[in-house]
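Please look at the sequence and the model before reading on.

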Amino acid sequence: MPSVICTAKASYKKQLGSLELTEAHLQWTQDGKKAPSVRVPHQDAASLFCSKEGAAQVRLKLGLINDDAGHNFTFTSTPQGVAYSERETFKMELTNIISRNRSSGLLAVAPTTTTATTIAPTVATPTLKGPVTTVSSHAPTPLPASRASTSRAASVASDGRVAILSEQDAAKDFRLRKKVLLASPELLALHKELVMGGQITEAEFWEGREHLLLAQAATENQKRGRSGQLVDPRPQTVEGGEVKIVITPQLVHDIFEEFPVVAKAYNDNVPNKLTEAEFWKRYFQSKLFNAHRASIRSSATQHVVKEDPIFDMYLERDDDELEPRRPREEVSDLFINLGATLEDHGETGNEKDVTMQAGRQRGALPLIRKFNEHSERLLNSALGQGPPSKRRRTDSADKQNLLSQIEYDDLQDHESSPGVLLEMQGRQRYFEGQFGNMGEQREAVDVRDALVGLRNGLDGWEGRFSQLRVEKKSSDAALLSMTQNVASRLDIKTKKSDFPPDLFRQLMTCQTAANEFLRQFWISIYPPPSDFPTPSSLSSTATQRSAKAAKMAGYLGKTHEKVDALVRGAGVEGVEGGRVVVAMKPILDAVDHALAFYRARNVGGGKAVGVKLV
């Protein structure tokens with residue numbers, strides 16, 4: 001009898017029992033029975049899914065080679081931490097088993113990596129009763145359980161063990177391809193038809209599309225900046241006339257960062273004087289909260305808000321004096337100093353706008369300064385905190401430093417070549433000869449005579465200017481041509497396709513597949529230079545490219561047969577076959593051009609004869 005590696009209490013299809021992992025099988029036995037109801041050999045394990053940490057139920061799903069639905073187990077040990085620990089033990093062991101199956105070639109399709117999916121609803125803290133209800137949510141909104149029950153591994157990769165990008169590992173590369181395909185339904189449909197249909201390989205499909213994977217990887221690695229929205233929790237009215245504000249850990253962090261006085265009040269009163277729930281309930285009912293609202297109307301509501309002996313101690317006077325309460329630091333970075341170039345723009349005759357003066361309405365000053373402080377915090381978080389910089393000198397010694405601040409690195413061409421140096425004999429004599437001829441041909445110009453001639457030439461310019469007539473034929477012809485072009489495009493857009501939906505879908509599928517075969521054909525003929533070589537492009541030889549071109553030419557040769565079948569199908573559905581031929585003519589011309597080039601290339605001994613590429 002094989003020895004047991006690990007065991008745990010688990011339910012299967014709402015029946016309690018025990019789950020065991022032996023050296024040969026994973027088996028589940030219902031309580032009260034001796035024979036196991038579920039018995040899975042190690043070599044049948046293909047994929048593994050787990051619920052997120054902190055979910056209401058600790059679940060594990062094992063997908064099989066011939067059954068993506070697999071088996072779902074719920075660990076029932078109490079407390080939940082024990083169940084989670086047992087699940088992690090099974091997860092580690094099963095992951096090793098799946099890796100062994102993958103390395104031994106038992107899995108024809110690469111299984112999906114262990115993915116955390118939320119299966120259970122979120123648990124929130126109890127709701128407080130009163131005029132203001134605060135709900136603290138510490139878990140994200142879950143996905144429905146039905147969306148985590150199926151695996152899409154088969155529709156994403158035909159061989160996930162091969163990385164398309166050489167600098168990425170296989171698992172990460174597979175995940176990038178999956179996300180790109182799921183984000184583009186058209187590309188996913190093309191992948192299912194050609195790759196899953198066995199017509200081209202996974203590496204051939206992604207050849208030339210590496211930029212999509214690089215863009216997805218760059219998006220995932222990009223660090224998100226701080227949100228520019230001012231912290232202003234919005235109350236929500238629920239049934240019974242109560243007001244509810246949902247409090248999340250992120251909202252608490254933002255409030256403490258935006259309003260340090262609230263963080264001070266929290267540290268002074270929680271948990272000695274107030275519980276956390278009581279603190280937030282009284283805060284949202286206090287004058288301090290209304291003073292922090294991002295609205296000028298919040299000052300009016302303070303007269304109707306009841307007093308609070310705790311939070312009223314932290315109230316501050318409105319910052320509505322001519323000078324702000326907190327002096328601003330001098331802006332030394334030329335990137336963000338709007339007044340740095342003010343002296344370069346002199347008066348142009350326009351009067352200054354005096355209607356937009358800060359402080360004309362005294363009640364708006366606190367709100368304006370609140371937005372200014374918030375914007376300053378955003379800039380500091382983006383540029384990095386540091387000691388206040390001293391005023392930068394603007395003399396010639398520091399000129400290079402100033403220029404380095406206003407230069408954008410993205411606009412600099414660091415890869416520009418200085419060119420090929422021209423080597424010539426007698427270079428000095430050549431330039432001396434040029435300068436000598438210029439000196440001989442130069443004539444002295446009398447400045448006074450030149451000014452007199454210019455003044456005489458401008459006499460009577462008003463009369464000559466009034467007699468100027470511009471021909472309208474050229475401008476009218478250009479405007480008419482543009483109008484006709486726009487009208488023809490608009491007419492094409494407004495015309496709806498009256499093909500039956502099924503026939504139109506078949507036309508689109510045929511055209512998309514032919515375009516992909518054409519792309520693969522020309523890549524095999526003329527492999528483009530790539531900045532990110534793939535394993536397939538590095539290992540491909542002239543013989544392999546020639547074989548690939550022959551295979552693609554064979555696929556392209558069947559395009560006319562597919563179009564003929566579509567024409568016959570159109571006749572059955574009552575559509576004129578000639579319309580199908582007209583719709584597919586551009587792709588047929590491209591296919592004929594590629595086939596003619598291929599035949600001429602083979603006849604000419606590797607070179608195209610009498611064929612011109614367009």
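Does Gln80 count as buried, partly exposed or exposed? The model is a predicted one, and Gln80 has a relative accessibility of 39% in it, so Gln80 counts as partly exposed.

Gln80 is placed in helix α1. Apart from neighbours within four places in sequence, Gln80 is in contact with Ala55, Ala56, Gln57 and Val58. Gly54 is 26 residues away from Gln80 in sequence, and the C-alpha atoms of the two are 9.1 Å apart in space.

Pro79 belongs to the loop between β7 (67–75) and α1 (80–103). The peptide bond that joins Thr78 and Pro79 is cis, with omega at about -5°.

## Other backbone features

Most peptide bonds are trans, and most residues other than glycine have a negative phi. A cis bond also runs from Val270 to Pro271, where omega is near 0°. Pro271 sits in the loop between α7 (260–269) and α8 (276–283).

With a relative accessible area of 64%, Lys13 is exposed; Lys14 is exposed with a relative accessible area of 82%.

## Ala24 between two strands

Ala24 is located in the loop between β2 (15–22) and β3 (25–30). Its relative accessibility is 31%, so Ala24 counts as partly exposed.

Which residues does Ala24 touch, not counting those up to four places away in sequence? They are Val40, Pro41 and His42. Ala24 and Pro41 are separated by 17 residues in sequence, while their C-alpha atoms are 6.0 Å apart in space.

## Packing of α17 and α19

Helix α17 covers residues 501–525 and helix α19 covers residues 542–557. Their axes are 8 Å apart, and the packing angle is about 155°. Angles over 145 degrees count as roughly antiparallel, and α17 and α19 are therefore roughly antiparallel to each other. The crossing of α17 and α19 is left-handed. On the α17 side, the contact is made by Ala514, Phe517, Leu518, Gln520, Phe521, Ile523, Ser524 and Ile525. On the α19 side, the residues are Arg545, Lys548, Ala549, Met552, Ala553, Tyr555 and Leu556. By class, the residues of the contact of α17 with α19 are 11 nonpolar, 2 polar and 2 charged.

Is Gln520 buried or exposed? Gln520, which lies in helix α17, has a relative accessible area of 0% and is therefore buried. Leaving out neighbours within four places in sequence, Gln520 is in contact with Ile200, Glu204, Phe205, Lys548 and Met552. Among these, Lys548 and Met552 are also named on the α19 side of the helix contact.

## Packing of α19 and α21

Helix α21 comprises residues 577–603. The axes of α19 and α21 come within 10 Å and cross at roughly 140°. The angles that count as roughly antiparallel are those over 145 degrees, and α19 and α21 are therefore oblique to each other. The crossing of α19 and α21 is left-handed. From α19, the contact involves Ala549, Ala550, Ala553, Leu556 and Gly557. From α21, Val591, Ala594, Leu595 and Tyr598 take part. The contact of α19 with α21 has 8 nonpolar residues, 1 polar residue and no charged residues.

Ala549, Ala553 and Leu556 of α19 are named in the contact with α17, and the contact with α21 includes Ala549, Ala553 and Leu556 too.

## Totals for the chain

How many helices and strands are there in the protein chain? There are 21 helices and 11 strands. The protein chain has 614 residues, of which 29% count as buried. The protein chain exposes about 41,400 Å², with carbon and sulfur atoms supplying 55% of this area.

Among contacts in the protein chain with a separation of 6 or more, 61% are between residues 24 or more positions apart.

Notes
Residues are numbered from 1 along each chain as its sequence is written. This is a predicted model: local features need pLDDT of at least 70, side-chain atom pairs count only at pLDDT 80 or more; totals for chains, interfaces and linings use all residues. Side-chain values use heavy atoms; hydrogens and water are left out. Axes are lines fitted to C-alpha atoms, for helices over the stretch in contact, and angles run from 0 to 180 degrees between N-to-C directions. Helices (H or I, at least four residues) and strands (E, at least two) are DSSP runs, numbered from the N terminus. Angles under 35 degrees count as roughly parallel, over 145 as roughly antiparallel, 65 to 115 as roughly perpendicular and the rest as oblique. A crossing is left-handed if the near helix is turned anticlockwise from the far one by less than a right angle, and right-handed if clockwise. Contact means heavy atoms within 4.5 Å. Ala, Val, Leu, Ile, Met, Phe, Trp, Tyr, Cys and Pro count as nonpolar, Asp, Glu, Lys and Arg as charged, and the others, Gly among them, as polar. Buried means under 20% relative accessible area, exposed over 50%, partly exposed in between (1.4 Å probe, protein chains only). Accessible areas come from the Shrake-Rupley method with a 1.4 Å probe; for residues, only the protein chains shown count as cover.
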